[in-house]
Amino acid sequence: MEEMEKTTPEIKPKKKKTMVTAIILIVIIIAIIGALAGGEKDKGKQDNQQNQQQEGQEGQNTEVDMSVVAASLKAVLDKNAEGTGVEYNVDYDDTGITIYVKADGAAAEIAQAKASGYDDTYDPWVTMRDSMVNLCNSAVDAVEAFGVTGKYVTVTVVNDANEDNTLLTIMNGVVVYDVMAEK
């Protein structure tokens, strides 16, 4: 028998479809949050005028309940994430709101892409990162529409294989950590 030459197949990210699905979902969520923020801004202006009048009359300063803002964001995100393999968790404290995003298989896909020599210019990653920046900016707008100012809004893409690690962190629209940019 002839000996067959062994070849190593080219390694390609297997879950490109998962990332594309997640990206499409994120774009939809951004649109919904943008609509929520836009609708709330007009209402927020009216509410702010009424609140300023009341404060002037009563001398009271009302603060927005961060738990209500976080719950509203979580409800919008969860509604649009059903059946996609993407999970959202929204947390808050005195400094602001953090949206944790976790997608099934993301860590394995990133590890495989990095092993194949891809970096932070890898097209599916760039698209996902840009979508997360847009999500963060939309969340900032939504939070401000609720009347919350001076707080941070952070979007953190969690490593689904080890939730103690993150893959991407964006704070008020600025990427502060990108695992694909690491050497």
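**Reading contacts and helices in this model**

Tutor: Let's begin with Asp178, which makes a salt bridge with Arg129; their closest N and O atoms are 2.7 Å apart. Keep in mind as we go that this is a predicted model.

Student: Happy to. Where do Asp178 and Arg129 lie?

Tutor: For a pair like this, look up the element that holds each partner. Asp178 belongs to strand β5 (residues 174-178) and Arg129 to helix α4 (residues 123-145), so the pair ties together parts that are 49 residues apart in sequence.

Student: Are Asp178 and Arg129 buried or exposed?

Tutor: Buried, both Asp178 and Arg129. Salt bridges can also share partners: in this model, such bridges join Glu87, Lys102 and Glu163 into one network.

Student: Which strands hold Glu87 and Lys102?

Tutor: Glu87 sits in strand β1 (residues 86-92) and Lys102 in strand β2 (residues 96-103), so this bridge ties together parts that are 15 residues apart in sequence.

Student: What about a bridge within a helix: how far apart in helix α2 are Lys74 and Asp78?

Tutor: Four residues, which puts about one helical turn between Lys74 and Asp78 in α2 (residues 66-81). Their side chains meet in a salt bridge of 2.8 Å, N to O. Lys74 is partly exposed, with 25% relative accessibility, and Asp78 is partly exposed too, with 30%.

Student: Which residues of α2 are buried?

Tutor: Met66, Val69, Ala70, Leu73, Val76, Leu77, Asn80 and Ala81. Viewed down the axis of α2, the buried residues fall within an arc of 130 degrees, so they line one face of the helix.

Student: How is the length of α2 checked against what its residues should span?

Tutor: Take 1.5 Å a residue, and compare with the distance between the end C-alpha atoms. For α2, the 16 residues should span 22 Å, and the ends are 22 Å apart, which agrees. Helix α4 agrees as well: its 23 residues should span 33 Å, and its end C-alpha atoms are 33 Å apart.

Student: Which residues with positive phi follow these helices?

Tutor: Gly83 follows α2, with phi near 75 degrees, and Gly147 follows α4, with phi near 95 degrees.

Student: How many aromatic pairs does the structure hold?

Tutor: One aromatic pair. Tyr118 and Tyr122 form it, at 4.2 Å centre to centre and with 40 degrees between the planes, which makes the pair tilted. Planes under 30 degrees apart would count as stacked and over 60 as edge-to-face, so 40 degrees falls in the tilted class. Tyr118 is partly exposed, at 33% relative accessibility, while Tyr122 is buried, at 10%.

Student: Last one: is Lys183 buried or exposed?

Tutor: Exposed, with a relative accessible area of 90%. Lys183 lies in the segment after β5. To place a residue like this, check a C-alpha distance too: those of Lys183 and Lys114 are separated by 9.2 Å, although the two residues are 69 residues apart along the chain.

Technical notes: Residues are numbered from 1 along each chain as its sequence is written. This is a predicted model: local features need pLDDT of at least 70, side-chain atom pairs count only at pLDDT 80 or more; totals for chains, interfaces and linings use all residues. Side-chain values use heavy atoms; hydrogens and water are left out. A salt bridge is a side-chain nitrogen of Lys or Arg within 4 Å of a carboxyl oxygen of Asp or Glu. Helices (H or I, at least four residues) and strands (E, at least two) are DSSP runs, numbered from the N terminus. Buried means under 20% relative accessible area, exposed over 50%, partly exposed in between (1.4 Å probe, protein chains only). Rings of Phe, Tyr and Trp (its six-membered ring) pair if their centres lie within 6.5 Å; planes under 30 degrees apart count as stacked, over 60 as edge-to-face and the rest as tilted. The expected span of a helix is 1.5 Å times one less than its number of residues. The arc is that of the directions from the helix axis to the C-beta atoms.
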